Amino acid sequence: MDWLQRINESIDYMETHLMEELSIEQISNYVFASKSNFQRVFHMVTGVTIGEYIRNRRLSLAGQDLLLTDNKVADIAQKYRYDTSESFSKAFLRFHSISPSDVKTSGAVLRFFHPLSINISIRGGFNRAYQQIDEFCWNNLDEQTIKTLTDAEKYQELVHWAITARGKNPGVFDALTEWLLDDIEWCEDKLNENEQILMQGVFARFSEQNKQLRRYLSELRPAGVVNEAVFKALDQFNDQLSGQVPDERLQKVVAQVLDDFSLMKQRGIREQIAGSITGPTGTDHADIYGFINYLKECDAEVQWALFMPDKVKRQQNGFKVVNYEYKEMPGMRFIGWEDDDLTDSELQGERFRVLDAMNGDPSGFDYDILLSHHEGLSIDVEPAHLFWGRFMRADTPVPKGFLSFDFLPYHDGRAGIPYISQFAYAEFSGDYEAMHKTEGYDISAMYDVTRNIMLSQGITIPYPDKYWTAEVFKNGYDKGSTAYMFSAELIDT
């Protein structure tokens, strides 16, 4: 008899007799193999021992029984061949990382080891989504370890966690999206398990973590070490976990799924929940911005609020921010020209003199600027376009040979021009080379510091649809830029 056939038959035998006494000798006799040879081949082919397979399957089914029935722990322990409730509880805790009594609590997530099926490949085992959940950098505060720390040191522990989470979690969210879009993972017999993974393992667990963070941060609040923006970020995260996302159409879909998870059998529904993979930085183009995309962004905003203030301080190396504010301007018109040749100072001079002659149409923000935008698209789709010019009053006539972009004081619901005339404005002093340094920065030191202050304060950057930035030349285009503008959507400020 072929060994693969023997292993398959042994698995069928074990599955039929899981609630009974099972010995390796019984199983090997059933497939007419010697005990020692069968143990060795089974482990070599499947990657688990016979004892591990039986234990994993029993504890998986016991978890489902605890979750879905009202049976007592002692009765379930006996059903799955454990001598005492204590021995069952210890084995259950090692396998599921929670005790049997905690199975029905909010945020509890159970592991499930599927029956193996041996052919040319091995199928079954643990659902890969369980492993993905464990990849999230969960913040499990160890009260015993940190109780001797000062409040400032306790807060720094959270900052370190946030930095680590920012490096790991984006990739896990993307893996979650891949899982949601994998049709093989969403067949009928996996639906109940997948519901537990997503609803308890992801949504409820993030909700529980947010509750824990809020309690801990509230205790540190009187010491003055907490960035207050983190509370707003936690509120927003909790709102969106309950389905209150900005997209009203998606809100309805999420509400339907929360009410009837069986809808997830439909690929179209899963696509809206999953959204598109947006990469580790979240800047990749998203064909569909789904529920997971929103949660990924909320997770980031909590972490940014924790670690960005310290990062901003470290980034001001050789220079400093001397003024920082948010501006809500009326409608404006940018008039200028595309940056064809930065070295042609004579041409620049001629064009700025034309703008000087239009001194009857100032916007109230009257500096020379170098504007950058991506035409309302993400940076991985559309390169940056640079334009010299100035902001003028709305509806200002455009001189011949110049171009213009309109800026409105509100979001018009469309991507691209017109942009929003709301922005962060930062002025810098110190070493000019340091504030324009590019090495180690996304764009430049001024860009990064301005943006990171916004992220630390929970200010919405309207990326990508209304995203723009600009260097500001306070003393004229030929004197060097020492200030920066960064597009914002100041709804709550």
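Me: What makes Glu 219 and Arg 215 a salt bridge?
Reply: The term needs a side-chain nitrogen of Lys or Arg within 4 Å of a carboxyl oxygen of Asp or Glu. For Glu 219 and Arg 215, the closest N and O atoms are 3.2 Å apart, so the pair qualifies. As background, side chains of opposite charge can pair when their charged atoms come close. One thing to keep in mind: this is a predicted model, where local features need pLDDT of at least 70 and side-chain atom pairs count only at pLDDT 80 or more, while totals for chains, interfaces and linings use all residues. Residues are numbered from 1 along each chain as its sequence is written, and side-chain values use heavy atoms, with hydrogens and water left out.

Me: Where do those two sit along helix H10 relative to each other?
Reply: Glu 219 and Arg 215 are 4 residues apart in H10, which means about one helical turn separates them. H10 covers residues 191–220; a helix here is a DSSP run of H or I with at least four residues, numbered from the N terminus, and a strand is a run of E with at least two.

Me: Why is Arg 215 called partly exposed?
Reply: Buried means under 20% relative accessible area, exposed means over 50%, and partly exposed is in between (1.4 Å probe, protein chains only). Arg 215 has 38%, so it lands in the middle class. Glu 219 does too, at 47%.

Me: And what makes Lys 211 exposed?
Reply: Its relative accessibility is 54%, so it passes the cut-off for exposed. Lys 211 also has a salt bridge, to Glu 208, with the closest N and O atoms 3.7 Å apart. Those two are 3 residues apart in H10, again about one helical turn. Glu 208 is partly exposed, at 33%.

Me: How many salt bridges are there overall?
Reply: There are 25. Some link up: Asp 183, Arg 267, Arg 270 and Glu 271 form a network.

Me: How do you know that Arg 333 and Asp 406 link distant parts of the chain?
Reply: Their closest N and O atoms are 2.7 Å apart, which makes them a salt bridge. Yet Arg 333 lies in strand S4 and Asp 406 in strand S7 (residues 403–408), 73 residues apart.

Me: What makes S4 and S6 paired strands?
Reply: Two strands pair if DSSP finds at least two bridges between them. S4 (residues 332–338) and S6 are joined by 7, so they pair, and they run antiparallel.

Me: Why is S6 described as largely enclosed?
Reply: Of the 9 residues in S6 (residues 385–393), 7 are buried, so the strand is largely enclosed by the rest of the structure.

Me: In what order do the strands of the open sheet come?
Reply: The 9 strands go S3-S9-S11-S10-S5-S6-S4-S7-S8, with mixed pairing. S3 (319–328) and S8 (419–420) each have a single partner strand, so they stand at the edges, with one side left without a neighbour in the sheet.

Me: Why is H13 called roughly parallel to H14?
Reply: Axes are lines fitted to C-alpha atoms, for helices over the stretch in contact, and angles run from 0 to 180 degrees between N-to-C directions. The axes of H13 (residues 267–274) and H14 (residues 291–315) come within 4 Å and cross at roughly 15°. Angles under 35 degrees count as roughly parallel, over 145 as roughly antiparallel, 65 to 115 as roughly perpendicular and the rest as oblique. That makes H13 roughly parallel to H14.

Me: Which residues of H13 and H14 meet?
Reply: Gln 272, Ile 273 and Ala 274 in H13 meet Phe 291, Ile 292 and Asn 293 in H14. Contact means heavy atoms within 4.5 Å.

Me: What makes Ser 481 buried?
Reply: Its relative accessibility is 0%, so it is under the 20% limit. Ser 481 sits in the loop between S10 (468–473) and S11 (483–487). Leaving out residues up to four places away in sequence, Ser 481 touches several others, including Tyr 432, His 436 and Phe 473.
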